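Dear colleague,

Please find below the structure that I am handing over to you.

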Amino acid sequence: MSGVEQGALGRPDERVEGWDKVAGRARYAYEQPVPALYVHPVLSTVARGRVLAVDTGPARASAGVEAVLTHENAERLADTSDAEFAVLQGPHIGFCGQIVAAVVARTPEEARRGADLVQVREYAEEHDVVLGPGHPRLYCPDELNAYPEADTRQGDPAAALERAPVVLDRTYRTPMEHNNPMEPHACTVLWEEGTGGGSLTVYDSTQGVHPVRESLAQVLGLHAEQVRVVSEHVGGGFGSKGSPHAHNVVAALAARAVPGRWVKLALTRQQMFTLVGHRTPTIQRVRLGAARDGVLSAVVHDVEEHTSTVKEFAEQSAVCTRMMYAAPHRRTTHRLAALDVPIPFWMRAPGETPGMFALESALDELACELAMDPIVLRERNEPDLDPETGAPWSDRRLVQCLHEGARRFGWAGRDGRARSRREGEWWVGTGVASAVYPHFVNPGSEVEIVHGQGVYTVSIGAADIGTGARTVLGQIAADALSVPAERVRVRIGDTALPPATVAGGSAGTSSWGSAVVAAARALREEHGSEPGEGARARAGTPEDAVAPGYSVYSFGAHFVEARVHADTGEVRVPRMYGLFSVGRVLNPRLARSQLVGGMVMGLSMALHEHTVMDARLGHVVNHDLAQYHVAAHADVQQVEAEWLEGADVRATPMGSRGVGEIGIVGAAAAVANAAHHATGVRVRNLPLTPDRFLVGPRE
Amino acid sequence: MEATIILHVDGVRRELTVDTRTTLLDALRDRSGEYSPKKGCDHGQCGACTVLVGGRRILSCLALAVACDGDEVTTAAGLAGGEDGPHPLSRAFVEHDAFQCGYCTPGQVCSGVGVLAELEAGMPSHAAAHPGDPVEATDAEIRERMSGNLCRCGAYPAIVAAVREVAR
Amino acid sequence: MKPFRYTRARDAASAVATVAADPGARFLAGGTNLVDHLKLGVAEPDHLVDVRGAVDGSVTELADGRVRVGAAVANSDLAAHPLVRARYPVLSAALSSGASGQLRNAATTGGNLLQRTRCPYFQNTATPCNKRDPGSGCGALHGHGRDNAVLGTSERCVATHPSDMAVALAALGAEVRLLTGEGERGVPVSGLYRLPGDRPEQDTVLEQGDLITAVDLPALPWVRRSAYRKVRERASYAFALVSVAAALRIEEGRVVRVRLALGGVAPMPWRAHHAEEALVGRPATEEVFREAARSEFAQARPGRDNAFKVPLAVNTVGAVLRSLAQEEGA
């Protein structure tokens with residue numbers, strides 16, 4: 001930060017809420033100590049059709065039940081333009097696991113029993129829940145998540161592929177996946193009638209209290225001032241808590257049905273598989289045209305994905321291919337099939353995560369075909385300028401990540417031939433893949449800083465979903481104010497505080513931190529270095545936080561050692577190493593946790609994660625944590641993340657870029673590439689379960 | 001159907017009225033405001049609800065409260081805030097940043113304390129080549145023993161480091 | 001979850017009398033599977049009779065060299081018991097590979113034997129399942145079949161039995177001690193279970209009120225060389241795709257004694273009698289091991305999603321027996 005003393009930033013401060021979390025004293029949305037009624041939703045069991053009748057009699061007669069909400073008796077919402085929020089507004093069923101009723105009762109046991117007793121008669125229409133290649137319902141979306149264009153083209157890729165001496169044409173598939181934060185989505189809600197048309201208080205598990213307030217106010221026809229949303233601690237989200245979902249609306253409807261009484265709603269783990277988003281499955285055809293020296297002439301990346309008939313979500317899986325490697329001829333396309341499935345949504349690095357699995361696997365395949373080191377291949381295709389926009393890079397150090405990472409990992413001397421190393425019962429291999437993530441600074445956050453008795457209180461309605469935002473915003477403020485961090489208090493997670501954008505897109509610290517710096521400067525400008533009691537200043541994220549004219553991305557390189565059991569095909573990953581270029585690291589302790597956490601989720605994606613839809617019955621088959629496997633302790637051995645030193649002052653006033661998502665991007669490809677090196681078996685269809693490796697040649 | 005039970009939670013005697021259907025987890029959270037144990041899955045598939053009962057780690061979501069009448073229950077709050085100061089493992093979790101969102105953390109800490117006792121007692125695990133082998137607090141042993149506690153933030157390497165530090 | 005009464009049984013006899021007289025009553029032990037089922041709506045008892053204090057919770061050596069395991073012994077304690085670690089490594093290893101540390105501390109020997117399938121259709125009351133709801137159909141047969149059994153199935157049910165412990169007990173030929181309305185009796189572990197046939201709702205031969213009080217492990221000094229190998233989709237805390245319990249004795253390069261049982265492939269812990277017969281007297285080579293394993297699967301009926309279980313099981317049997325043979329040679 002120019003002109004700002006640097007003391008707190010770069011220091012590995014412990015999380016300010018660390019002891020609260022270790023003791024379990026940190027309060028999550030459900031854990032408000034208020035006497036409450038409990039809400040238990042009832043879900044549809046057909047994937048497409050309508051509710052013919054709901055018999056609520058037995059439920060209402062059940063002990064402790066206070067109300068049963070159905071589409072026939074629930075309040076009409078003011079705005080149902082977002083179909084995800086149009087809950088209990090009509091009989092239509094758009095997917096299996098949609099909320100069709102909800103029971104309000106005195107205890108959780110009674111609410112659950114009441115929900116069991118609600119008898120919903122459903123009419124089932126024919127459904128389609130499985131994305132297959134060339135699905136007849138494919139269409140081109142008007143825009144993608146966070147990107148305006150579904151398709152892009154430069155040059156003449158078809159002709160270039162025709163001419164290329166070497167052409168690789170492969171199709172990769174990633175399955176439907178679920179975020180599964182450890183804290184189930186939950187809220188504690190109170191509706192109070194009275195002057196001003198009443199007020200709604202919502203303790204929510206969310207990545208953004210202000211966005212939740214806006215959505216709920218709109219849906220319920222309230223002024224934003226009538227709604228307060230509080231979220232002190234959030235038990236993970238990884239995107240799924242980036243927006244309210246149907247259950248928030250149901251909880252609000254339930255609260256409004258029992259004015260003056262708190263209601264609590266916590267989704268069950270099973271319910272989370274249909275109500276809070278997921279990553280779409282993808283079918284990705286990648287074509288690479290190259291010369292024998294590995295220089296790419298053409299890159300074509302065509303993506304097929306699903307979305308829901310209820311609401312469109314278009315994952316931007318090929319956008320990384322637009323800028324990753326140099327090639328004069330390039331094309332990306334995205335096609336969606338609207339199926340009778342739950343609504344897909346953000347899951348950690350939407351787009352980049354599945355897209356880079358395909359692209360980085362394809363690069364590895366091309367390297368094998370050319371008998372070339374995969375690092376050299378990437379280096380040969382390093383673009384001087386952003387190939388999509390022609391803009392200069394703010395800080396592209398991919399090659400340095402690859403080279404320095406290779407050195408630290410011990411890549412040199414690797415025998416590039418697959419199936420060349422055996423230790424006891426295990427085939428051993430190593431793999432590499434690049435990582436990338438765009439830099440975003442979202443407009444719309446504001447920070448207020450108030451001075452009192454030597455302490456500066458920094459207020460912003462931001463969210464800490466485990467990133468350490470509370471801690472790092474304090475460090476930013478301390479340096480921006482040139483005071484010790486002990487003299488800074490940070491208040492977040494409440495719409496009573498100034499507006500803040502969502503904790504998403506790895507943009508939280510960048511967006512909110514830029515506003516913190518602006519507010520600190522305003523305070524110093526207005527009140528000097530010795531402000532009086534109650535001195536305050538407020539400022540928003542500057543519009544020019546990111547220097548215009550530059551292409552701003554983070555980069556990284558993953559290195560993986562994989563072992564595949566020769567008899568059983570079990571895959572073990574003894575070593576993962578990631579070297580990243582993410583601008584200036586503001587708090588190494590917290591940044592390392594996020595980068596390692598992303599890599600672990602990438603490992604989990606590679607080895608385990610796979611949501612299964614039942615084609616006949618239309619439901620999610622493996623809707624719990626015993627069947628939807630995420631990596632457990634035993635799957636995660638040595639995982640290390642490091643970064644290149646340096647600051648990117650074009651990215652934010654702090655010189656930092658985001659660290660929340662880049663760790664997952666490319667990780668699964670590095671694992672699959674290592675497993676191929678170990679065994680000679682190329683898995684293009686995640687996850688890498690043991691059966692995939694039973695097909696290869698046996699000893 | 002209701003029943004009255006006594007629980008000793010972190011050294012405090014509590015008399016609670018519960019439904020026979022109430023789990024130990026819900027008795028702690030919904031009926032006595034002890035929110036330290038977390039509900040992550042409610043089916044024994046994640047470990048977030050782990051508490052120590054009589055010093056042994058169990059999943060409170062799969063124990064009926066009525067069946068725990070008279071039991072001594074220790075939560076992560078009790079471990080962090082004991083009379084003799086915090087448990088060394090609680091401190092190690094903070095120092096190693098062995099968590100992010102913090103939701104699985106109380107269960108990880110309770111499970112870790114259970115693991116320390118099991119290692120001390122020489123109980124075998126799946127990580128050993130042979131069940132008869134002597135037990136050592138290797139990383140592989142700790143990982144295997146902690147595998148019933150999922151962490152979606154991926155703090156596993158730091159959690160293992162914290163347990164290892166206290167085990168040695 | 002339906003409301004129910006809860007009582008603690010004073011002793012095993014009164015527990016048996018209570019449950020035998022009341023079709024809505026169920027025994028409760030560790031609860032790790034039953035409480036799960038109460039929440040899922042898979043089980044809807046009116047009355048739970050807690051037997052943890054009413055049945056034996058100790059491991060004792062009998063005069064004839066057998067070892068008696070009380071039904072209330074926790075899985076973790078059984079795995080750690082010195083007699084089991086020394087004499088029955090296959091059992092200790094199987095127990096340690098199941099579930100998680102927390103679950104093993106709560107789950108009991110009797111309850112582990114009676115746990116029910118983790119078939120996703122069985123556990124989801126919104127889907128058809130003949131085991132849970134007789135006559136409703138089998139969701140798994142033409143649905144997602146990755147976990148399905150390949151041996152011993154019927155058109156009505158393709159679910160696997162989930163226990164690891166029971167696979168080791170099947171290999172050992174352990175005997176289950178029962179207390180019933182008519183008195184005590186014993187039944188071999190393999191005889192406790194029944195194949196689904198046309199009544200998949202009936203997992204075992206037990207009748208309402210029959211209580212498992214103990215499991216007797218036979219005196220088999222040669223099984224000190226035995227092993228349990230579990231292949232699963234995570235390195236820990238997951239049910240088996242395929243598991244193998246094996247004990248092997250070789251003399252002069254030939255197999256003289258062998259015990260082999262399989263998990264994850266059948267509706268019950270599967271004692272591989274065909275393979276055992278094919279091994280005895282044959283040279284102890286990996287090709288013989290694999291050929292014997294293949295013979296066990298001659299009658300296998302794999303589906304679209306689970307065909308991999310046959311080669312996986314053959315490979316795993318080969319690997320386990322190879323490893324035991326190497327130990328023997330060492």
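Two strands are taken to pair if DSSP finds at least two bridges between them. Please bear in mind throughout that this is a predicted model.

**A sheet in chain A**

With that definition in hand, the pairing of strand β2 (residues 49-55) of chain A can be described: six bridges join β2(A) to β6(A), and the two strands run antiparallel. Within this pair, A:D55 is found opposite A:Q119 of β6(A). The pair belongs to an open sheet of three strands in chain A, ordered β4-β2-β6, with antiparallel pairing. The edges of the sheet are taken by β4 (92-93) and β6 (119-124) of chain A; each has a single partner strand, so one side of each is left without a neighbour in the sheet.

A record also covers residues 23-127 of chain A. There UniProt places the feature "domain: Aldehyde oxidase/xanthine dehydrogenase a/b hammerhead", in an unreviewed entry. In the model, this span is 15% helix and 34% strand, and its end C-alpha atoms lie 47 Å apart.

The axes of helix α8 (residues 352-369) of chain A and α14(A) come within 8 Å and cross at roughly 30 degrees. Because angles under 35 degrees count as roughly parallel, α8(A) and α14(A) are roughly parallel to each other. Their crossing is right-handed. On the α8(A) side, the residues in contact are A:M356, A:F357, A:E360, A:S361, A:D364 and A:C368, and these meet A:A668, A:A669, A:A672, A:N673 and A:H676 of α14(A). By class, the contact of α8(A) with α14(A) has six nonpolar, three polar and two charged residues.

The axes of helix α13 (residues 588-607) of chain A and α14(A) come within 7 Å, with a crossing of roughly 50 degrees. That angle makes α13(A) oblique to α14(A). The crossing of α13(A) and α14(A) is right-handed. From α13(A), the contact involves A:M599, A:G602, A:L603, A:M605, A:A606 and A:L607, while α14(A) contributes A:A667, A:A668 and A:V671. This contact of α13(A) with α14(A) has eight nonpolar residues, one polar and no charged residues.

**A sheet and a helix in chain C**

Chain C contains an open sheet of three strands in the order β1-β3-β2, and the pairing is parallel. Its edge strands are β1 (5-8) and β2 (25-28) of chain C; each has a single partner strand, so one side of each is left without a neighbour in the sheet. On average, neighbouring strands of this sheet are turned by 25 degrees against each other, direction ignored. Four bridges join β1(C) to strand β3 (residues 47-50) of chain C, and these two strands run parallel. Here C:R8 stands opposite C:D50 in β3(C).

Helix α1 (residues 12-21) of chain C lies across β2 and β3 of chain C, and α1(C) runs at about 145 degrees to β2(C).

For chain C, too, there is a record: an unreviewed UniProt entry places the feature "domain: FAD-binding PCMH-type" at residues 1-222. Over residues 1-222 of chain C, the model has 28% helix and 17% strand, with the end C-alpha atoms 48 Å apart.

Yours sincerely

Note on methods:
Residues numbered from 1 in each chain as written. Chains lettered and ligands numbered in written order. Predicted model: local features only at pLDDT ≥ 70, side-chain atom pairs only at ≥ 80, totals over all residues. Heavy atoms only, no water. Axes fitted to C-alpha atoms, helices over the stretch in contact; angles between N-to-C directions. Contact = heavy atoms within 4.5 Å. UniProt positions renumbered as here; feature names shortened; annotations may be inferred. Parallel < 35°, antiparallel > 145°, perpendicular 65-115°, else oblique. Left-handed = near helix turned anticlockwise from the far one by under 90°. Nonpolar A, V, L, I, M, F, W, Y, C, P; charged D, E, K, R; others polar.
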